[in-house]
Amino acid sequence: MRRLAARGAAGDAGEVAAPAADSTDCARGRHPSPRRLIDLCAIWDPGVFLPAVGWKTASGFARRRLNEAETLNSVREAQLELLEAARPRGPGSRERGPVLRMARQQQPPPWVHTAFLLCLLSLSGAIEIPMDLSQPPTITKQSVKDHIVDPRDNILIECEAKGNPAPSFHWTRNSRFFNIAKDPRVSMRRRSGTLVIDFRSGGRPEEYEGEYQCFARNKFGTALSNRIRLQVSKSPLWPKENLDPVVVQEGAPLTLQCNPPPGLPSPVIFWMSSSMEPITQDKRVSQGHNGDLYFSNVMLQDMQTDYSCNARFHFTHTIQQKNAFTLKVLTNNPYNDSSLRNHPDIYSARGVAERTPSFMYPQGTASSQMVLRGMDLVLECIASGVPTPDIAWYKKGGDLPSDKAKFENFNKALRITNVSEEDSGEYFCLASNKMGSIRHTISVRVKAAPYWLDEPKNLILAPGEDGRLVCRANGNPKPTVQWMVNGEPLQSAPPNPNREVAGDTIIFRDTQISSRAVYQCNTSNEHGYLLANAFVSVLDVPPRMLSPRNQLIRVILYNRTRLDCPFFGSPIPTLRWFKNGQGSNLDGGNYHVYENGSLEIKMIRKEDQGIYTCVATNILGKAENQVRLEVKDPTRIYRMPEDQVAKRGTTVQLECRVKHDPSLKLTVSWLKDDEPLYIGNRMKKEDDSLTIFGVAERDQGSYTCVASTELDQDLAKAYLTVLGRPDRPRDLELTDLAERSVRLTWIPGDDNNSPITDYVVQFEEDQFQPGVWHDHSKFPGSVNSAVLQLSPYVNYQFRVIAINEVGSSHPSLPSERYRTSGAPPESNPADVKGEGTRKNNMEITWTPMNATSAFGPNLRYIVKWRRRETRETWNNVTVWGSRYVVGQTPVYVPYEIRVQAENDFGKGPEPDTVIGYSGEDLPSAPRRFRVRQPNLETINLEWDHPEHPNGILIGYTLKYVAFNGTKLGKQIVENFSPNQTKFTMQRADPVSRYRFTLSARTQVGSGEAATEESPAPPNEAYTNNQADIATQGWFIGLMCAIALLVLILLIVCFIKRSRGGKYPVREKKDVPLGPEDPKEEDGSFDYSDEDNKPLQGSQTSLDGTIKQQESDDSLVDYGEGGEGQFNEDGSFIGQYTVKKDKEETEGNESSEATSPVNAIYSLA
């Protein structure tokens, strides 16, 4: 608490800039002012304690912004706002209201209430004197009154004190002086009164038990510690004992007593089996507050373990185990059928008689209990009965204190914490079952050890001043008050005319320096005592400032703050405040000056910035100090993170945009569930956002953005809900066991924020497919119990899978097994087929029946068959598998087939008859395969089905190829359905013929083929076809090429002629000229313009002659006789030759045809 006060004081003064090297304790947050407030008197802003200007709290509590137009008049108003904002929204923890800001949901932490109380108490303030001034001793640290030590360690009894001059110490033991120098094991720490008892060289710690008291003394008085009772921890061994088996009738109550050995402190009791397995406790079996184990009624299953009481001792960290109890339960139903454990009326099912409740502890109908104020009150009622009774608690004449009362041990215990006088009265517990009820009344009396009403405080007076010490305490019974001075009874102290004792008050009048002393007030009753030290110091000191001079304090706009000016003086100075050197004292309106001189500014504004001067004055002089106040803009989160709901694996971004004073350094951090958030590789933190990639279930929770500077902080919270797959169901139980049904009950797992829509129940059996799970049934997500219909002779084991929108849970752990009795099959195998795998067999197959349709052991199948419509007798065979092959069958004939299930309990129903077929073979050729050519563009094909299909036709295959003489084209394959018997083909050219091959197909393959060719074209058709050649593109191109060659020939002749030369025409051929040929004497032709002109309507042939053009000219004329030939694509394949001259002599033996190119060369 002292450290808490110091932190608050530092924050309350704002941020202090660079205190001087000789700064006093004030700079560190301790202000030894005579009326110094403990500096926690700052506004409780909902969710965070803000000492004035932004003390940074270590906790994650959020701060609510102050409204600029609103001033909180008191801390109580802020607390009331907090309590209203934190009021629960909706019933149950799953109903979450909108989370706007963290501040509006957090209750103030307990230490805040304590700090606030200290703040109020500090208005009157305990007096502290600066350590450089003379003062009596003050105890600062001491051991607790009941000091229990570990015997294995050295003993330490603390006592520390301060004073000027430094005090000396001595001790008493059992009210007698304890001479430390005479005991080599005992020493006292330097500059301290702490005792150290060392046992390293031997000795027994028990020898030093007793009551110790420390005395701290200097020349101004003596201060006393509490009377410290030293005890050594004890953990005695359990006494050896032989325990006989406990014999008890099923349904009767039973108490197993623990009776642990007495220890110091008392050990912690718990029950386990001898194999260190914990004893499961519930409403029926539970441990009492005294350590005994109570059975409200004993069941046969309680014999399955033994019961051992264990005691754990705190200081030695040891566990001692008592010998185990074994139970022998007498019962009318010796079979411990696990299926009855969840029976709705297990007692009647096991033949246990029902009984009305009766109390096992406490016994009777009434008892009383005393408890001390401030302790916990534990009331306990344990009842027996069949069925197990329920316990309810009530208070006579009023309600139970809901803020302090809680139920424990399955409602068998009522605990009321921090008991006060108003908790006294009559309480009663009501034990009830369906057979009746019973009540026990407990009268509670609250006593009290002494507690302070007015604890005496140090008194600092100037010479001649008056004062008083007050020591007021209360308790039950009323405590007595005893005054002492410097450790001696006041009655035996020297008389002092300036001192007067009036009961619990000592009055001092006209004090002088000789009145300095330390007074002790001891108030006690039968339940305890209180001891307080208070000194009286008489000083004559002018005012002095205790804080560094010219401090710089920075505060946040609109906050409430307080400027401190710690000072000291005797007589106590008066303090006044001034701003910017103005003469008027600051008090009233927005300012308030406390008794200790602190100046509070209720709401900081920009105009409050400036220099503040505090002046302390008494009759001996004055002192002053200055504080410079700077006002900063507050840190504000203007875009807060929002609540989000995300599916597992998605990406979430939480925004947090902040506005702050630019002169302050901003830090943005994040909390998760009010703890610092670890930023892993799945998270990305930026200045204004937090991004979570691949959201997982563990990411669910509250996220708080903390925007802080060195002066203030703002927080905003959002809740991330992650939708995940549900947790697996658990605790599967089978009840209502019947011959063909069972009830399965389970406890749903967490739905992980996405409601469960369905449950899938699966089963596994260990005979046909062990380890393989099958779906049994599906149920809505609103149920957790269902009746399952079962099949005979199946050893069932069940599990449950939960389903929601995100996905499926892991399967639950399997239930216990349950086997049904056998019966004859009620069905026969499905999918019975008869198909041949070869041409002379038939394979009969079926889908084997599973475990849920077998209905009994040794499942087998009776297979029957015969040829269809032959009235033959049935052939039959018994098969244990799922197939049977019938051999030596004709090709593809129908059979009647029956398959009947049979087990050791009998045969199944009469099976249905299924038609199957023996094996197939290749089909014969298609009949009447016909090829027709209606025109030159198409060919039509027709055929009939084969005469002997030898199976089920699956189609036809047509292969055809074009041919022209010995030339063959590419073969083309067409496949047709079994119903198709026609096909029309488009010809690629009108000249070629086609050869067709057609075969039918079964599953065995293609059968015999039928072959036909397309008909040859008639002569007239060929003539018409030749007439049509002139319109073909290839023919037109050919004519153009010939014309081009002729043109080239004419151009060459023209060039030769223009040179005027004589051209020998027959250099190698000896062909005589006709009489009409013009001839020169030298045997050369002389071309003239007239002679060179061809006749109109004629053309020059390739051999140089002029031929009259004929309308029926044919390309055949250009060949060497015979008709022209064409390739399959219709191109002309004949050679271009020159028609021989009719007058050519027989002596020309050359057989080389004259090509157009040769003609050109010969002319050239």
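Colleague: Which residues does Q320 touch, leaving out those up to four places away in sequence?
Modeller: Q320 touches S235, P236, L237 and W238, and also C309, N310, A311 and F313. Keep in mind that this is a predicted model.

Colleague: OK. And where does Q320 sit?
Modeller: Q320 is in strand β20, which covers residues 318-321.

Colleague: Is Q320 buried or exposed?
Modeller: Buried: the relative accessible area of Q320 is 10%, and the cut-off for calling a residue buried is under 20%.

Colleague: What does the side chain of Q320 reach?
Modeller: The backbone oxygen of P236, at 2.8 Å. P236 is also one of the residues on the contact list of Q320.

Colleague: Switching topic. How many residues are in the largest nonpolar core?
Modeller: There are 31. I155, I157, W171, L195, Y208, Y212 and F568 have the most contacts inside that core.

Colleague: Which strands each supply at least two residues of it?
Modeller: Those are β5 (155-157), β6 (159-164), β7 (168-173), β10 (195-197), β11 (210-218) and β13 (228-232).

Colleague: And what lies apart from that core?
Modeller: Another core, with 24 residues. V555, L557, W577 and A616 are among them. As a general point, nonpolar side chains in soluble globular proteins tend to be buried together.

Colleague: Back to β5 then. What's the strand order in the open sheet with β5?
Modeller: The order is β5-β10-β9, so 3 strands with antiparallel pairing. β5 and β9 (186-188) are at the edges; each has a single partner strand, so one side of each has no neighbour in the sheet. On average, neighbouring strands there are turned by 20° against each other, ignoring direction.

Colleague: How many bridges pair β5 with β10?
Modeller: 3 bridges, in the antiparallel sense. L156 stands opposite V196 in β10.

Conventions
Residues are numbered from 1 along each chain as its sequence is written. This is a predicted model: local features need pLDDT of at least 70, side-chain atom pairs count only at pLDDT 80 or more; totals for chains, interfaces and linings use all residues. Side-chain values use heavy atoms; hydrogens and water are left out. Helices (H or I, at least four residues) and strands (E, at least two) are DSSP runs, numbered from the N terminus. Buried means under 20% relative accessible area, exposed over 50%, partly exposed in between (1.4 Å probe, protein chains only). A polar contact is a pair of N or O atoms within 3.5 Å; within protein, one must be able to donate a hydrogen and the other to accept it, and residues adjacent in sequence count only if both atoms are side-chain atoms. Contact means heavy atoms within 4.5 Å. A nonpolar core is a set of buried Ala, Val, Leu, Ile, Met, Phe, Trp, Tyr and Cys residues joined through side-chain atoms within 4.5 Å. Two strands pair if DSSP finds at least two bridges between them. Axes are lines fitted to C-alpha atoms, for helices over the stretch in contact, and angles run from 0 to 180 degrees between N-to-C directions.
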